[in-house]
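This report goes through one protein model part by part. Have the sequence and the 3D view open while reading.

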Amino acid sequence: MILTVTLNTALDLTYRVPALTPHTSHRVTEVTERPGGKGVNVARVLAALGHAVTVTGFAGGDTGRALRERLATEPRLTDALVPVAGATRRTLAVVDAATGDTTQLNEPGPTVTPAEWAAFLDSYEQLARHEGTTAIALCGSLPPGVPVGAYALLIRAARAARVPVLLDTSGEPLRRGVAARPDIVKPNADELAELTGSHEPERATRDARRRGAHAVVASLGADGLLALTPDGGWRARPPKRVRGNPTGAGDSAVAGLLSGLAEGLPWPERLARAVALSAATVAAPVAGEFDPTTYEDLLARVAVTDAVPAST
Ligand code: ATP
Ligand code: MG
Ligand code: MG
């Protein structure tokens with residue numbers, strides 16, 4: 001079982017309109033509502049690959065109830081969300097059908113109380129120590145009220161339980177998390193530059209490793225992945241730039257890395273899987289979803305090459 005942590009869960013609403021124009025009213029042609037937040041999205045991709053996934057984080061209020069009801073209908077996902085008094089946030093994506101452009105509106109989410117955070121920590125430690133837990137992913141931003149060092153704490157607990165842990169976040173939570181020595185960290189180019197002060201991916205990736213992460217997998221948009229790990233360094237590239245919606249591509253990359261880790265695949269295969277899955281996610285019309293045939297087709301054409309880390 002893979003465990004994904006989403007402290008800032010959301011109920012994601014998507015409205016499709018024929019064309020989005022300011023100062024006019026719009027006829028909504030399609031509405032979808034589904035559980036969201038980065039770790040939930042990672043869990044959904046893992047489930048599509050056939051993995052059993054436990055989803056934890058927080059849920060509260062009517063929106064939290066709706067989120068949990070829908071989660072229960074999704075195959076291979078187990079709900080271990082911890083209740084909070086505040087209501088889970090909603091996000092609203094308005095998709096302009098004419099251009100495919102998306103306008104995104106995100107609520108901030110409820111403030112987590114110290115007692116709720118303590119209850120989460122208890123539950124998380126039990127899940128991490130559960131004998132069936134093969135890997136943990138910590139994904140996304142922190143909601144108000146959760147301490148900025150939260151991920152560092154969760155990484156140390158995972159390491160104490162001897163379960164490999166991957167971190168995908170940004171800003172100060174990323175900085176503190178990396179110092180707690182996660183097995184894998186997956187920053188995108190902006191997150192990596194903010195962490196290290198360098199816009200040169202190879203230099204920044206080496207620097208992120210020096211800061212404590214055992215393996216750094218930098219995602220570089222259409223340029224694919226750059227990985228520096230204890231077993232070696234690699235570049236993995238999609239066969240071509242894919243046109244489409246990059247929302248959720250990073251989450252699919254994380255799912256690819258974790259599934260390969262849980263299955264004991266060597267690094268180059270994990271990276272190929274991550275690149276193919278994320279490129280297939282960009283190609284899919286619905287954000288965060290992918291077509292299995294497109295994925296298989298891309299997987300056969302991903303190029304993985306050695307990236308020998310130059311010294312210093
Ligand atoms: P997210 O918004 O989900 O957090 P991110 O910013 O963390 O995404 P990106 O680096 O933008 O992550 O994308 C993740 C991966 O998706 C890339 O490493 C690459 O494999 C794939 N990808 C992104 N954009 C494209 C593209 N246009 N064509 C092909 N592959 C892409
Ligand atoms: Mg991006
Ligand atoms: Mg990301």
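## The second pocket and its lining

By class, the residues lining the second largest pocket are six nonpolar, one polar and four charged. In this classification Ala, Val, Leu, Ile, Met, Phe, Trp, Tyr, Cys and Pro are nonpolar, Asp, Glu, Lys and Arg are charged, and the others, Gly among them, are polar. The lining consists of Arg-44, Val-45, Ala-47, Ala-48, Glu-74, Pro-75, Arg-76, Leu-77, Gly-288, Glu-289 and Phe-290. The space in this second largest pocket is about 170 Å³. Helix α1 (residues 38–48) gives the most to the lining, with four residues.

Pockets and cavities are found on a 1 Å grid over the protein atoms alone: a cavity is a set of points where a 1.4 Å probe fits but cannot get out, a pocket is an open set with protein on both sides within 12 Å along at least five of seven lines, and lining residues have an atom within 4 Å of a point. Grid points are joined across faces, edges and corners, and a volume is the space filled by probe spheres set on the points.

## About the model

This is a predicted model, in which local features need pLDDT of at least 70 and side-chain atom pairs count only at pLDDT 80 or more, while totals for chains, interfaces and linings use all residues. Residues are numbered from 1 along each chain as its sequence is written, chains are lettered from A and ligands numbered from 1 in the order in which they are written, and side-chain values use heavy atoms, with hydrogens and water left out.

Helices (H or I, at least four residues) and strands (E, at least two) are DSSP runs, numbered from the N terminus. Of the 11 residues of α1, nine are buried. Here buried means under 20% relative accessible area, exposed means over 50%, and partly exposed is in between (1.4 Å probe, protein chains only). Among the buried residues of α1 are Arg-44, Val-45 and Ala-47, which also belong to the lining of the second largest pocket. Just after α1, Gly-50 has a positive phi of about 100°.

Val-40 is another buried residue of α1. Its backbone nitrogen is reached by the side chain of Thr-6 at 3.0 Å. Thr-6 is part of strand β1 (residues 2–6). Is Thr-6 buried or exposed? Thr-6 counts as buried because its relative accessible area is 1%.

## The shell around ligand 1

Which residues come nearest to ligand 1? They are Asn-188, Ser-219, Val-242, Gly-250 and Ser-278, out of 21 residues around the ligand. A residue is near a molecule if one of its heavy atoms lies within 4 Å of it. The shell divides into nine nonpolar, seven polar and five charged residues. Helices α8 (249–262) and α9 (267–283) each supply at least two residues of the shell, and α9 gives the most, with four.

A polar contact is a pair of N or O atoms within 3.5 Å; within protein, one must be able to donate a hydrogen and the other to accept it, and residues adjacent in sequence count only if both atoms are side-chain atoms. A polar side-chain atom of Ser-278 lies 2.9 Å from an oxygen atom of ligand 1. A backbone N or O atom of Gly-224 is 3.0 Å from an oxygen atom of the ligand, and a polar backbone atom of Gly-248 is 3.3 Å from an oxygen atom of the ligand. Taken alone, ligand 1 exposes 640 Å², and the protein buries 87% of that. Accessible areas come from the Shrake-Rupley method with a 1.4 Å probe; for residues, only the protein chains shown count as cover.

## Cavities

How many cavities of 30 Å³ or more are there? The count comes to two. The volume of the largest cavity is about 60 Å³. Its lining includes Leu-7, Asn-8, Thr-9, Phe-58 and Pro-143. By class, this lining has six nonpolar, three polar and one charged residues.

## Two loop residues

His-23 is not a glycine, but has a positive phi of about 65°. His-23 lies in the loop between β2 (10–17) and β3 (30–36) and is exposed, with a relative accessible area of 86%.

Arg-162, in the loop between α4 (150–160) and β10 (165–168), also has a positive phi, near 60°. Arg-162 counts as exposed because its relative accessibility is 77%.
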